[in-house]
Amino acid sequence: MITIEEIRRKYLGAPGYSDEDLEVVRTVHEYVDKEIMPRRKDLDGGWHHDEKLAKDTIEKVHQGLVDIGVQRMAYPESVGGLGVAPGLGSMVFEEIARGDCGLATHIGIIGWVMGAIVGAGRWDIAEPLVKKVCDDKPHASCMALTEPAGGANVEDPTQHGRTIRTIAKLDGEEWVISGHKVWPSGAGMSDTAYLTVCTTDPEQGDDGIALILVPPDAEGLSFSKPFEKMGMCWTDINAEIFYDDVRVPKENRLLGPGGDAALLHNIVAGGRSGTCVWATGVAQACFEIVVNYTKDREIAGRPVRSRSLHASIIGEMALRIDCARAYQQKVAEMTRSRQFGRSGEPFLLSKCSAAQNFGCETAIWVAHKAMELMGSYGYSYDYHIEKYLRDAKILQLWLGGPQRRLLDTALGYYTFEW
Ligand SMILES: Cc1cc2nc3c(=O)[nH]c(=O)nc-3n(C[C@H](O)[C@H](O)[C@H](O)COP(=O)(O)OP(=O)(O)OC[C@H]3O[C@@H](n4cnc5c(N)ncnc54)[C@H](O)[C@@H]3O)c2cc1C
């Protein structure tokens, strides 16, 4: 059983958080150890990709996380939430990602979508949705940005929305949306909302960008079969979304010309910073596996982890994990302070983009090195490193890819057009 003191050490002192706050993190840590760690293979569907086993397991552990308050922890008590301290979610979601980052994604998207609506000041739209996710059932949401012609372009601030091909036209009191999204997590699964990035007119640049909330039962909304992919096989469902003259009330556009473009960049920044949290959870899991395995495995009569070559690699893993965690904590703290502008403005977008890149490189490097230190056992299905490596790669690819994020990091220091 982990103590509050150990949680504090792991999260670099967790400055500003009381023992009571950290009790929430400790509870989730214990749940992950007890209920998720033993089911990691089942969540993935097993070596033979057993869809039913995977879906049943996801339902069970998602319900378990709902029961301990994860889904509603961030919202005010007045609407049924737990009102936990701001920023505590990073530690909670790192713990879930330590068990399975696909599951963290499936649940985390809800907060991403709700956070965007609340952040836009649209409590009129947010309230019924937030009340729904604060009930005692598992839910899902969807953030629809990526299009067949490219994901990075939609997120690219220097494209000013000119490459977006999902069009929203105002017809009286309704928006009529036609277009095609591809890959969004929760496509076909969301029972709350599809927050859809559209344009009213690509020629209008940033003023054309429109963020419109589409209800899951909207007429004209349909989905392809889920994609088959390398990792997060069943925990995170991805598919195409077709908008065939989907009509929604005019009020469902979150802000309006200019405001929606700013919000889009905030959403991207938040997703990137959050992905660093997921990646740190993955790296931490691989670190724990390799430290444990190399305790008993011997090379010429001595434990692998006592050999200086191997101990130095384990030491470097610890350093990189702490750096990823500390950097993300710092960026999140700067974002919450509001002292440095909006998260989607170049200064903080630069930091959030760097956090995702550094966190993902750390996760992939740690998983690789863990595999090397464990030899064939690291490569085997039984020790889970291969699963973390498969899952970690998409953390690096989504939200624009590492190349787009390097450009966004540079854009924090000087201006240029792509
Ligand atoms: C498991 C999973 C979950 C996902 N979840 C979501 C989701 O919830 N919502 C959603 O909308 N999408 C989601 N995606 C899609 C994902 O975010 C995109 O695939 C990603 O942003 C990259 O877009 P792309 O695949 O179209 O690649 P492209 O945009 O074609 O990019 C390919 C490469 O070119 C680089 N590149 C492209 N354009 C530029 C540019 N302008 N500047 C610099 N470099 C550039 C990229 O960095 C990348 O290296 C998900 C994908 C997967 C696999």
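Which of the 25 residues around the ligand come nearest? I looked this up before anything else.

**Ground rules.** I am working with a predicted model, where local features need pLDDT of at least 70, side-chain atom pairs count only at pLDDT 80 or more, and totals for chains, interfaces and linings use all residues. Residues are numbered from 1 along each chain as its sequence is written.

**Ligand.** I found that Leu145, Gly150, Gly151, Ala152 and Gly401 come nearest. A residue is near if its C-beta atom, placed from the backbone, lies within 6 Å. I then sorted the shell: 12 nonpolar, nine polar and four charged residues. Ala, Val, Leu, Ile, Met, Phe, Trp, Tyr, Cys and Pro count as nonpolar, Asp, Glu, Lys and Arg as charged, and the others, Gly among them, as polar.

H14 spans 401-410. Helices (H or I, at least four residues) and strands (E, at least two) are DSSP runs, numbered from the N terminus. Strand S1 (142-144), helix H8 (152-155) and strand S3 (174-185) each supply at least two residues.

**Helix pair.** I turned to H11 (residues 346-374) and H13 (residues 385-397). Their axes, lines fitted to C-alpha atoms over the stretch in contact, come within 9 Å and cross at roughly 160 degrees. Angles run from 0 to 180 degrees between N-to-C directions. H11 and H13 are therefore roughly antiparallel; under 35 degrees counts as roughly parallel, over 145 as roughly antiparallel, 65 to 115 as roughly perpendicular and the rest as oblique. I noted that the contact residues of this pair divide into 12 nonpolar, one polar and one charged.
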